[in-house]
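Me: Could you go through this structure with me? I would like to start with charged contacts, then move to the strands and helices.

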Amino acid sequence: MSNHPALLVDNLPARQRDAILHLDQLETLAQKTLQKKLGVIERDELVDAAADVRDSIEIGRRSVLCEKWKEVAFVARNVRIQLARVDSGIFTEHVMRTEKGNQPIRLTPMHREWHDLADLHRFLVLWAHIESGKTSMFLTGRLLWRIGRNPSTRAIVVSESKEKAVKILSQGIAKYILQSDELHEVFPDLVRNPDPTTPWNQTKVTVKREGFIRDPTVQVVGAMRGSIQGARADFLALDDVVTRRTSGRADGRRELAGWVNEDLLGRVDPLRGEVLVTNTARCKGDLTNEMATIASKVGGHSGRYGVLDANGKPRCPWWSTQKIDNHFLSATEKQ
């Protein structure tokens with residue numbers, strides 16, 4: 001909370017009082033965020049971040065009292081940037097934009113929970129309803145954040161089809177690396193590799209990094225289609241891989257499971273690798289259920305997120321009860 005006595009704050013003009021309260025809220029967010037990262041981020045980094053935030057907030061309070069509003073705005077934004085470097089959820093809100101209107105994304109409690117779970121579990125399986133923001137509000141933000149923190153990351157992203165996988169890369173990951181000012185506020189060095197021999201195309205991109213790493217930074221592929229370059233990966237994402245095409249028949253489910261187990265999971269670094277599986281529910285015994293079983297055996301986590309929460313309210317603001325009732329859904333999707 002503010003170091004200024006409550007009586008003094010209450011007696012300030014409205015604009016100054018609101019600014020002080022905003023800084024107090026930002027400081028509380030910083031304290032909760034950094035405490036949550038204990039055991040996830042190196043302690044020395046958290047200590048330095050806490051000191052930087054504390055100093056920034058104090059500068060902001062003094063600027064409020066002097067009515068230096070540009071400095072106040074700069075301080076508030078700088079604190080958000082500092083927190084975005086250690087938290088993928090805050091990073092996603094700072095960097096990601098909506099497809100319509102190009103507005104900043106605002107995470108729901110469900111999405112914040114997903115980002116927190118990814119910190120705690122290296123193998124995470126999530127069932128989520130359609131149009132839940134699995135890709136834009138979780139997968140893309142999480143992966144960009146991880147690459148920003150470690151440019152040596154080698155990631156594989158798999159979707160049901162090559163076209164969907166290419167869209168995730170070209171309209172999401174690659175686009176932000178090339179064009180996002182907000183991303184470069186957080187990670188200034190996260191840029192395309194200037195070496196012309198490294199790939200930057202529809203299915204593979206490589207960022208600037210030290211040393212010689214054979215594998216691209218991110219490569220995408222459709223389920224059971226295309227080849228995976230390289231031998232190892234630090235990040236594997238399966239995004240809506242289970243569909244009617246891949247799981248409509250028992251032999252198709254077996255083929256998909258064999259491909260993932262034999263061609264993908266074995267490539268993930270056993271010490272620092274991260275596996276994210278997100279899908280809508282399809283049927284019992286499909287790949288998502290199999291991945292959840294594997295997750296439980298290796299200390300991972302799985303969770304189910306329907307369109308309504310435990311209180312019967314839509315989890316996402318773009319889903320109203322009227323839209324849910326009127327939406328054209330299959331029997332599986334309704335369940």
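Reply: A salt bridge here is a side-chain nitrogen of Lys or Arg within 4 Å of a carboxyl oxygen of Asp or Glu. Please note that this is a predicted model.

Me: How many salt bridges does a search of the whole structure find?
Reply: The search finds 23 salt bridges. One of the pairs is arginine 77 with glutamate 185, whose closest N and O atoms are 2.9 Å apart.

Me: In which sense do S2 and S4 pair, parallel or antiparallel?
Reply: Strand S2 (residues 155-159) and strand S4 (residues 218-222) pair in the parallel sense, over five bridges. Serine 159 has glycine 222 in S4 as its bridge partner.

Me: On to helices: at what angle do H11 and H12 cross?
Reply: The axes of H11 (residues 250-264) and H12 (residues 287-297) cross at roughly 40° and come within 10 Å. That angle makes H11 oblique to H12. The crossing is right-handed.

Me: Which residues meet there?
Reply: Leu256, Ala257, Val260 and Asn261 in H11 meet Leu287, Glu290, Met291 and Ile294 in H12. By class, this contact has six nonpolar, one polar and one charged residues.

Conventions. Residues are numbered from 1 along each chain as its sequence is written. This is a predicted model: local features need pLDDT of at least 70, side-chain atom pairs count only at pLDDT 80 or more; totals for chains, interfaces and linings use all residues. Side-chain values use heavy atoms; hydrogens and water are left out. Axes are lines fitted to C-alpha atoms, for helices over the stretch in contact, and angles run from 0 to 180 degrees between N-to-C directions. Helices (H or I, at least four residues) and strands (E, at least two) are DSSP runs, numbered from the N terminus. Angles under 35 degrees count as roughly parallel, over 145 as roughly antiparallel, 65 to 115 as roughly perpendicular and the rest as oblique. A crossing is left-handed if the near helix is turned anticlockwise from the far one by less than a right angle, and right-handed if clockwise. Contact means heavy atoms within 4.5 Å. Ala, Val, Leu, Ile, Met, Phe, Trp, Tyr, Cys and Pro count as nonpolar, Asp, Glu, Lys and Arg as charged, and the others, Gly among them, as polar. Two strands pair if DSSP finds at least two bridges between them.
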